[in-house]
Amino acid sequence: MRLIYFLGDRFLQLIIVVFTVSTLTFLLLRLTPGDPAYILLHANDMPVSETAIDALREDLGLTAPLWVQYGQWLMNVFTWQWGDSYVSNEPVITELLSRFPATVELAAAGLLVMLAVTVGLGVLTAVFSNGWIDRTGRVLAIIGAAVPSFWLALLMIYFFSVKQGWFPTMGRGEWEHLVLPSLTLGLGIGAVYARVLRKNMLEMFNQNFVKASMARGLSKSHILMFQVFKHASMPIVTMLGTNFAFMLGGSIIVETIFNWPGLGSYIIEAINARDYPVIQGYVIFASILFVSIHILVDLIFFIIDPRLRT
Amino acid sequence: MSLLELVQVTKEFPFRPRKHLWWKKAGRFQAVKQVSLQLNQGECLGVVGESGSGKSTLAKLIMNLVPVTKGDILLNGCSIRQMKDLEVFKRMQLVLQDSHSALHPKMSVREIIQEPLLNFFPGENIKREATCLQLMEMAGIDKNLLDRRPYQLSGGQKQRVCIARALAVKPDVIIFDESIASIDQEAQQSILNRLKYIQAQENVAYLFITHDIETLKEFCQRVAVMYEGEIIDIFEEWKISQLTHPYSRLLLETSEETEIKIAQES
Amino acid sequence: NDSVSEEKNGSNEKAATNDERFTVAFTWSPANLDPHGRESWEVMRAGIAETLVRLDENLEPSPWLAKDWEQEDENTWIFELQENVTFHNGKKMNAENVKASLERSLDINQKTVDLLQLETIEVVDDNTLKMVTKEPNAALIPHLADPSTIIADVSTMKDDTTSPSLTGAFQVKEFHQDESLIVERFDEYWGKQALLSEIEIRFISEGETRLMALQSGEVHAATDIPIDNLPVLENDDDIEVLTTPSLRTHMMLYNLKSPFFKDLSHRKAVNASIPKEDIVQSVMMGKGTAANSPFADVLPFGEVAEEETQSIEEIMKKSDWNKNESGLWEKEGETVELTMLTFPQRPELTVMGEIIQNELLDQGISVHLRQVENIDEALSSEKWDIAMYSMLTTHTGDPQYFQNIFYHSSSSSNVSSYESEDMDRMIEEINRTTDVDKRNELAVRMQEQLNEDLPQSFIVYPDTVFAARSEVKEFTPHPIEYYYIHPLIDLE
Amino acid sequence: MFHRKISELKGSSLWLGALGILFILLTGLFAPWIAPHDPLAVDTSNRLSSPGLTYPFGTDHLGRCVLSRIIYGIRVTVISAFCILLITAAISIPIALISGYIRGNTDHIIMRMIDGMLAIPDFVLTIAIVGMLGPSFINMIIAIVMVRWADYVRFIRSLVIKERQEDYILYARMTGNSHIRILSRYILPQILSRVLVFAALDLGRIVLLIAGLSFLGVGVQPPTPEWGVMLQDATGYFQVAPHVMIFPGMVVVMFVLACQLISDRFNEPVMKEG
Amino acid sequence: MFHLHPLLQVDQLEISHYKDGEFQPLVRDVSFQIQAGEMVALTGPSGCGKSLTAQAIVGLLGKRLDVTGGKIMYQQQNVVPFNDRQWKRLRRHEIALLIQDSLNGLNPIRTIKKQMAETICQKRKWNRKDILLRLHTFLHEVGFSDPAHILRTYPFELSGGMRQRVLLAMMLSLEPKVIIADEPTTSLDIINREKVLSLIKKLQYDYSLTVLLISHDQKSVRKYADRILEMRIEGVTS
Ligand SMILES: Nc1ncnc2c1ncn2[C@@H]1O[C@H](COP(=O)(O)OP(=O)(O)OP(=O)(O)O)[C@@H](O)[C@H]1O
Ligand SMILES: Nc1ncnc2c1ncn2[C@@H]1O[C@H](COP(=O)(O)OP(=O)(O)OP(=O)(O)O)[C@@H](O)[C@H]1O
Ligand SMILES: [Mg+2]
Ligand SMILES: [Mg+2]
Ligand code: NI
C-alpha cells in the first residue's frame with residue numbers, strides 16, 4: 001500500500017522534473033549562440049555559402065518563431081516523439097536507445113569498481129584507522145580526487161595496453177574491453193567516497209551502541225561491517241546514486257578516450273554540432289534516468305533505515 | 001479548572017505482522033488507550049506501570065512530540081494541538097528516560113544549561129552565569145563539571161544535567177520520565193527535596209514517572225497506575241483496599257514483600 | 001549458408017589476393033552512409049564510392065566513372081560514361097541512373113547545387129549524358145569530383161541509408177555507428193580488383209587514443225596523428241610516419257572593421273612580425289610549409305611571389321607611433337590593445353596564437369587572447385581584432401568556390417569584411433573562364449591582390465600526417481583527404 | 001603501556017597541513033621573487049625540454065618554464081578554487097539544511113529542482129552559461145558553482161536527515177531554540193566535519209573542472225598560468241614529455257593533501273573513537 | 001587452611017584522564033576482590049567512578065582515559081596490559097559488561113533478532129532453529145510474554161525498560177563466567193526488576209556465575225547481593 005503511494009508520488013515528481021528540465025533546456029539551447037545549420041555545413045572546415053545555410057535552416061524548422069518551436073517541442077516530449085537528429089535524420093529516441101546498452105554496460109562496471117573501492121578502502125581504512133593502510137588510503141583518495149581522469153586513462157592505456165598488451169586500448173567487445181574504462185570511471189570517485197565513508201564510520205564510534213556491542217565481545221571488524229557500515233553508508237548511497245546516474249548518462253571523457261560507443265561520446269558530438277533534438281532528447285532521457293535512480297536511492301534508504309518508514 | 005487535562009487520549013503505532021514485509025500496510029496497536037487524566041496546579045502526580053505500558057509515550061503525547069491519534073490534551077483549557085510548539089515548551093518540560101542521547105555531544109554542560117536561559121529569558125544576560133550555577137546546585141551537579149562534555153560525565157551526572165536544563169525554563173509542568181533512576185539514594189533525596197521546595201515556591205506541577213514506590217509514596221499526592229496502555233487505578237493512599245486492579249495489587253504486594261524481607265535480614 | 005561458402009570459394013580462386021583484414025583508424029564518424037547527404041565525405045573516404053571525375057596526384061581532374069568529356073558551348077557539357085560498371089547490388093550503371101543519382105544529390109544537398117549550378121541533365125544515350133549549367137561554370141569538371149556527387153543506385157536508397165549501392169572497389173559489409181565500418185571486396189568491380197578482402201575502419205575521435213591503438217597494434221594505420229607525438233613514432237621501428245601536403249591553410253584573420261586594422265599599414269606591421277618559419281618548426285614540428293597565400297604550393301596556382309617585408313619599426317614610425325617607456329607603441333597617449341580569438345577544436349591554432357601574441361608583445365603591441373567555443377559565431381557577433389582560423393581552401397583542387405565565398409564582398413561568409421572591387425571583378429571573371437591556364441593565372445593574380453590588401457595573414461600549410469605499421473603496403477596519403485582507401489592497399 | 005592510546009592523539013598532521021598551505025600561499029604571494037623565469041616568456045627553441053638546471057621542472061609546449069608557471073598559477077588556481085568552494089558552501093549548506101530539516105513539501109520541491117539541475121549535463125550547462133554571460137573569470141566561477149552546488153546539497157541533506165532524528169534535537173526544540181538556531185548550533189557543527197572532508201577532497205575536482213572549462217574556452221584564458229589549464233594542455237605530450245603533466249599534477253595533489261590534513265583534524269578534540 | 005584465590009581482584013586501581021599533556025586521576029585507590037560464584041554489589045555516590053572501574057575491567061575505557069596505576073587480576077592474570085585480541089577474548093568468553101547508558105545500546109536500524117543472533121553466534125555456530133529457541137527462552141526469562149514480536153521490532157519501537165531487558169537477555173545469552181551489570185534495572189518496574197534479579201541469582205547458583213552488580217537501589221542490593229562494596233569518591237572499602 002505505502003509502496004504504491006510512494007511510487008505514485010514519485011511518478012508525479014518525475015513528470016514535473018521532465019517538464020521543467022525540458023523547458024529549461026529548450027531555453028538554454030535557444031539562447032546560446034551557435035547556428036546548427038552553419039555548424040553542420042562547416043564540418044571539415046569547408047567554406048559554405050549563405051544559400052546553403054538558409055536552405056538547411058528552413059529544412060530543420062529553425063525559422064519558425066520561438067514559441068511555435070517550443071509548443072511543438074513540448075507536444076513532442078509528452079507524446080514520446082522526440083524528433084529526428086539533425087545530423088543523421090534518425091529518430092532521436094532510437095539513436096539514444098541504440099547507444100544506451102553500451103553505456104549501461106560501462107556504468108555498471110564502473111559502479112562495481114566504485115563500490116569495491118569505496119567499500120573496500122573505506123572499511124579497511126576505518127578498521128585500521130591511523131595505521132599505514134589508512135595513510136595509503138588517504139593518499140589514494142587524494143590522488144583519485146586530484147588526478148584528472150583523462151590522464152589516468154591515458155596512462156593506463158599506455159602502460160597496460162601499449163606496453164604490456166594486457167588489455168585492448170579502446171572499443172567495446174569482450175570483458176577485457178571493459179577493464180580500463182571502468183577502472184578510470186570508478187577509481188577516482190571511489191577513493192574519494194572511501195574517505196567520506198571512513199569518516200562517517202569513525203564518527204559512528206561515538207554512538208553508545210558501538211560500545212555496548214564491544215562490551216558484548218563482538219569484534220571491532222564485525223561491528224564495523226554489520227553495525228556501523230549500514231549507518232555510515234547512507235550519505236554515500238546518495239552520492240553513489242548521483243554518480244551512477246551520471247555514468248548512466250554517459251561519461252563523456254572516458255567514452256571519448258576509450259572510443260566507447262555510448263551516450264557520452266554521442267552527446268558531445270551532438271553538442272558540438274548543436275543538434276538540438278538530440279541534446280533535448282538526451283537531457284530528458286537523462287533526467288528520467290536521474291529521477292529513477294534517485295527513487296531507487298530513496299527506496300534503499302527506506303530499506304536501510306526503519307525510522308524513515310513511519 | 002485543572003492545569004492539564006487529558007481527554008480520552010489514544011495513541012496508535014503501526015504493528016509489525018508476524019511475517020512482515022515492510023511495504024505491506026502495517027497493523028495498528030494501541031500504546032495508549034483512552035487515557036483521561038487531570039493535573040492541577042502545584043500538584044505532583046506519580047505514574048507507575050509495567051515496562052512497556054505506555055508511560056513514556058504518554059509523556060511524549062503531552063508534550064505534543066508525537067501526534068495523538070484520538071482524544072485531546074488541554075493546557076489551561078486550550079488544546080495543545082492549536083498551540084505553537086514553543087509555547088507548549090515554555091509551559092511544560094519533559095526530562096526523557098534516556099539521558100545519554102538527550103545531550104548534544106559537542107556542547108558543554110554550561111552551554112546545555114544556559115541554552116534555555118538564553119532562549120526563554122533573553123533579557124537577563126548578567127544573571128545568566130549565576131542562574132546556571134544555581135540550577136546546577138539545585139540538581140546537585142558539581143561546579144567543576146561545568147566545562148565537561150556529555151561523554152565525560154557519569155550516568156547520574158548526565159541525568160542531573162537534564163533535570164537542571166528542564167528547571168531552567170521555569171515551566172508550569174515538568175514531566176520526569178524515570179529521571180532520577182541512576183542517581184544514588186542520597187542525591188535522589190536531596191533533589192526531591194529541592195523539587196518539593198520549588199513546587200511550593202512556584203506552584204509547579206509535576207508528572208513523575210518512576211518505578212520506585214518509595215519515592216512515589218513520599219513525593220506524590222496522587223498516583224496513577226498504567227497497565228497495557230490504560231490507566232487502571234488512580235489513588236491517593238497506598239492501601240490495598242483502594243486498589244481495584246489485580247496488577248496494582250501485585251505491585252504493592254511485591255514492594256512490601258521486599259521490604260519485609262530486608263527488614264527480616266537486618 | 002550457401003552464400004557464405006560460395007564467397008569463400010570465390011576468394012580462394014583469386015590466390016593473389018589477401019584474406020587478412022586491414023584495420024585503419026579514422027577521425028570522424030559518419031551518422032549514416034547516405035552518399036549525397038552531409039556524410040558524403042565519409043562515404044567517399046571508405047573506398048566504396050566513386051564520382052564521375054577524379055583528381056590525380058597533381059590535383060588535376062582525370063576520368064573516373066566518366067570516361068571522357070567535352071564542352072559543347074559555354075554552358076553545355078557532354079560526358080561519356082564508363083561501360084561495364086556495376087553497382088554493388090548487381091545493377092548496371094547507365095546514363096539513366098547517373099542522372100537520377102545526381103538529381104537526388106541536387107535535391108537534398110544545397111552544396112551540390114552551389115557547386116554545379118546545373119540547369120538540366122539530359123540522357124543522350126545509354127552511356128552519354130549532357131549537362132547544362134545556368135551560367136558559365138568553369139569549375140564544373142573539378143567540382144564533379146566533390147563527394148556529394150557520388151554516383152549511387154538511387155533505387156536502393158529510398159529509406160535505408162546504411163547500405164547504399166555504389167560502384168567502389170569495396171562494398172559495405174557491416175556498419176556500426178560510432179564504432180566501425182567494415183567493407184569487403186566487391187568482386188564485380190569494373191576496374192582492378194582490390195587486393196584485400198576486407199577493410200575495417202574504426203572511428204576514433206581522440207588523437208591520443210588513435211595513436212595508442214596504432215602503437216599497440218590494434219589498428220594497422222591511423223590518420224591525423226597529433227604532431228607532438230611524432231618523436232615517439234619515429235623511434236618505433238614498426239611504424240612508419242607518412243606525410244603529404246594538405247589543402248588546408250592556417251591563417252590569421254584581421255577584422256577590417258576594427259579601428260586599428262582599417263589601416264593597411266597596421267596589418268602589414270602585424271603581418272611582418274609573425275614568425276612563420278619558427279611556427280612551422282616548433283608548432284608543426286616541420287610538418288608543414290610557411291604560407292603566403294590561401295592556396296597551398298602543391299596546387300598549380302599555389303606559388304606566389306614573396307612580398308618583401310618592411311620591419312615593424314619602420315611601418316609604425318611612419319604612421320606616427322612612438323614607443324613608450326614600457327616598450328609599447330603609443331600614439332596620442334594610447335597604446336595598442338588587440339583582442340585575438342582562438343578556438344579549442346584545433347589546439348595548434350591556440351599555440352600559434354600564443355606565439356604570435358608573445359612576439360607582438362616583444363614588438364610593442366599587446367594582445368589579449370581569448371578562446372571561444374564557437375569561433376564562427378564569435379566572429380560575427382563579438383568585438384575582435386584578430387582571429388586564428390583554418391580553412392580547407394581547395395577541396396576539389398579548384399580555387400573558385402573558396403574565392404566566391406570568402407572574398408566576394410556580397411558573401412556573408414566573408415569574415416574579415418574584405419571589400420575590393422578589383423577582387424569582385426576577378427572572382428566573376430574566374431567563374432566564367434574555362435581555360436585552365438588562364439584560370440591559374442587569374443588565381444595567382446587574385447592572391448597577389450590579397451597579399452597587397454592583407455585581409456588575412458597566411459601562416460602555414462599544414463601537412464596531413466599519417467602513420468601505418470610497416471606491414472602495410474600502398475597506404476599512401478593523398479592531399480585530397482577522401483582518396484585514402486583504394487584497391488591497391490595490401491598487407492604483407 | 002598507556003602511551004599506546006595517547007600517542008594516537010598527536011595533532012602533528014594539522015601542523016603539517018597548515019604549513020603546507022602556508023607554504024603554497026606564501027610562494028604564491030612572493031611569486032615574482034621566487035619564480036626563476038617569466039611564466040609567459042615563450043621560447044620556441046626550447047620546447048618540451050626535460051627538467052634541468054635552468055628549468056627545474058622543464059618547459060612546456062611553448063618553451064615556458066613549468067616551475068614558474070606553477071608558482072604564478074597559485075595566484076589564480078588557489079584563489080579561484082577557494083572562492084568556488086566558499087560560494088558553493090554558502091549556497092548549498094543553507095538549502096540542504098532547510099530541505100533536510102523541514103522535509104515535507106519544501107523538501108520535495110527543492111529536491112526536484114536539484115534533480116532537474118543535476119539532470120542537465122555539465123557540458124550543456126556550462127556552454128549555455130558561457131554563451132549567455134560571455135567568458136570571464138567570474139563567469140567561470142559561476143559556471144562551476146552551478147555545476148557543483150546541487151551535488152553538495154544532496155550530500156549534506158542526507159547528513160541532516162540522519163542528524164535530525166537524534167534525541168538531542170528534540171531537546172533543543174524543547175529548550176526554546178528557534179529552528180534556525182537548531183540548524184546552526186546543533187546540526188551544523190555535527191555535520192561540518194564530514195562536509196569538510198568532502199570539500200577538501202573536492203578541491204582537486206574543482207581544479208580539474210577549471211581545466212575542463214578553460215578547455216571549452218570559458219574562464220582562464222590561454223597565456224594565464226593556471227594549474228588546471230596546464231594539466232589540460234599537457235595531455236597532448238604525455239608520451240613525449242611526461243614532466244609537463246607530472247609536476248602540475250603533483251602540485252595539485254599536494255595542495256589537496258594539505259587541505260585534507262587540516263580538515264581531518266578540524267573536529268578531532270571532541271571526537272571520541274572506540 | 002585451604003586458600004582460595006579470588007577470581008577477580010582489583011588492586012590500587014587508578015584511572016586518569018589525559019588532558020593538556022598531563023594525567024588527572026579520576027578514580028584512585030580502588031581495591032576489591034570477588035570470589036568465583038559470588039554476587040557482589042557495588043554502590044556509591046553518583047560520579048564516584050563505578051562505571052569507569054567496570055569499563056576498565058573489560059578494557060573499554062574511552063579515548064583520553066587510561067589505567068595509570070594498579071592492577072586488575074583476572075584468574076591470576078593482570079589484564080591491564082592486554083592487547084586488542086586478548087580483550088576481545090576476555091569480553092567474549094569471560095567477562096560480560098552491561099553498560100550503563102544501555103537505553104541506546106542497541107543499533108537503531110537493525111532488528112532485535114539480528115542483533116541478538118550475532119551475539120550468540122560469535123561463540124559458536126548454531127542452526128537457525130536453535131537460535132530462535134534460545135532467543136525465545138532468554139527473552140521469556142527477562143519478562144517478555146511475546147518474544148516473537150520483540151524479535152521483529154526495531155529498538156526505537158520499544159520502551160526503555162524493554163530495551164534494557166533485551167540487552168540483559170543478550171548479556172545472559174553469552175553465558176560468561178562473570179557478569180558486570182552497570183545499573184541494569186533503572187528503567188524496570190518492580191515486578192520485572194524482581195524477575196530479572198532473581199533470574200541472575202538463579203544463574204549464579206546454577207552455573208556458579210559471578211556477578212558484579214552496580215546499583216543504587218539499596219533494597220534490591222540488600223535483597224540479592226551476597227556482599228556489598230561501598231565506593232567513595234576516589235576510593236573503595238570492601
Ligand atoms: N571520558 C571522561 N573524561 C573525563 N572524565 C570522565 C570521563 N568519564 C567519566 N568521567 C568522570 O569520572 C567520574 C566517574 O565516572 P563514573 O561514570 O565511573 O561514575 P559512576 O560511579 O558510574 O556514577 P553514576 O552512578 O552516576 O553512574 C565522574 O566524575 C565523571 O565525571
Ligand atoms: N515508535 C514506536 N513505534 C512502535 N511502537 C512503539 C513506539 N514507541 C513505543 N512503542 C511501543 O509502545 C509501548 C509503550 O511504550 P513506552 O515507551 O511508552 O513504555 P513505558 O511505559 O515507558 O515503558 P518503560 O517503563 O519500559 O520505559 C511499547 O510496547 C512499545 O513497544
Ligand atoms: Mg519509558
Ligand atoms: Mg555509572
Ligand atoms: Ni607504559
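Predicted model: local features only at pLDDT ≥ 70, side-chain atom pairs only at ≥ 80, totals over all residues.

Which residues are the closest to ligand 2, and how many residues surround ligand 2?

Mentor: The shell around ligand 2 comprises 21 residues, and the closest are Lys55(B), Ser56(B), Thr57(B), Glu157(E) and Gly161(E). In terms of secondary structure, at least two residues of the shell come from each of β2 (27–39) and α1 (55–62) of chain B and α6 (160–173) of chain E. By residue class, the shell divides into twelve polar, six nonpolar and three charged residues.

Individual contacts may be considered next. On the side of chain B, a polar backbone atom of Gly52(B) is 2.7 Å from an oxygen atom of ligand 2. His211(B) takes part through its side chain, of which a polar atom lies 3.5 Å from an oxygen atom of the ligand. From chain E, Ser159(E) places a polar side-chain atom 2.7 Å from an oxygen atom of ligand 2. As for overall cover, ligand 2 taken alone exposes 640 Å², of which the protein buries 90%.

Chain E also holds a metal site. The magnesium ion, ligand 4, is coordinated by the OG atom of Ser51(E) and the OE1 atom of Gln100(E), at 1.8 to 2.1 Å. Ser51(E) belongs to helix α1 (residues 50–58) of chain E, while Gln100(E) sits in the loop between β6 (95–98) and α3 (112–121), so the pair ties together parts of the chain that are 49 residues apart in sequence. Both Ser51(E) and Gln100(E) are buried. Elsewhere in chain E, Lys123(E) is found in the loop between α3 and α4 (128–141). With a relative accessible area of 31%, Lys123(E) is partly exposed.

Over all chains, the whole structure contains 42 salt bridges. In chain B, which also contributes to the shell of ligand 2, Arg110(B) forms a salt bridge with Glu129(B), with 2.5 Å between the closest N and O atoms. Arg110(B) lies in helix α3 (residues 109–120) and Glu129(B) in helix α4 (residues 128–139) of chain B, so this pair ties together parts that are 19 residues apart in sequence. Arg110(B) counts as partly exposed because its relative accessibility is 23%, and Glu129(B) counts as partly exposed at 33%.

In chain C, the side chains of Lys111(C) and Asp146(C) meet in a salt bridge at 3.7 Å, N to O. Helix α4 (residues 110–116) of chain C holds Lys111(C), and the loop between α5 (140–143) and β8 (170–176) holds Asp146(C), so parts 35 residues apart in sequence are tied together. Lys111(C) counts as buried at 12% relative accessibility, and Asp146(C) counts as buried at 0%. Chain C also has a network of salt bridges that links Arg21(C), Lys173(C), Glu198(C), Glu200(C) and Arg202(C). In chain D, a salt bridge joins the side chains of Asp60(D) and Arg69(D) at 3.7 Å, N to O; Asp60(D) and Arg69(D) are both buried.

Terms used:
Residues numbered from 1 in each chain as written. Chains lettered and ligands numbered in written order. Heavy atoms only, no water. Donors = N, O, S within 2.8 Å, 3.2 Å for Na, K, Ca; no water. Helix = DSSP H or I, 4+ residues; strand = E, 2+ residues; numbered from the N terminus. Buried < 20%, exposed > 50% of the residue type's maximum accessible area, 1.4 Å probe, protein only. Near = heavy atom within 4 Å. Polar contact = N/O pair within 3.5 Å; in protein donor to acceptor, adjacent residues only side chain to side chain. Areas by Shrake-Rupley, 256 points an atom, 1.4 Å probe, with all protein chains shown as cover. Nonpolar A, V, L, I, M, F, W, Y, C, P; charged D, E, K, R; others polar. Salt bridge = Lys/Arg side-chain N within 4 Å of Asp/Glu carboxyl O.
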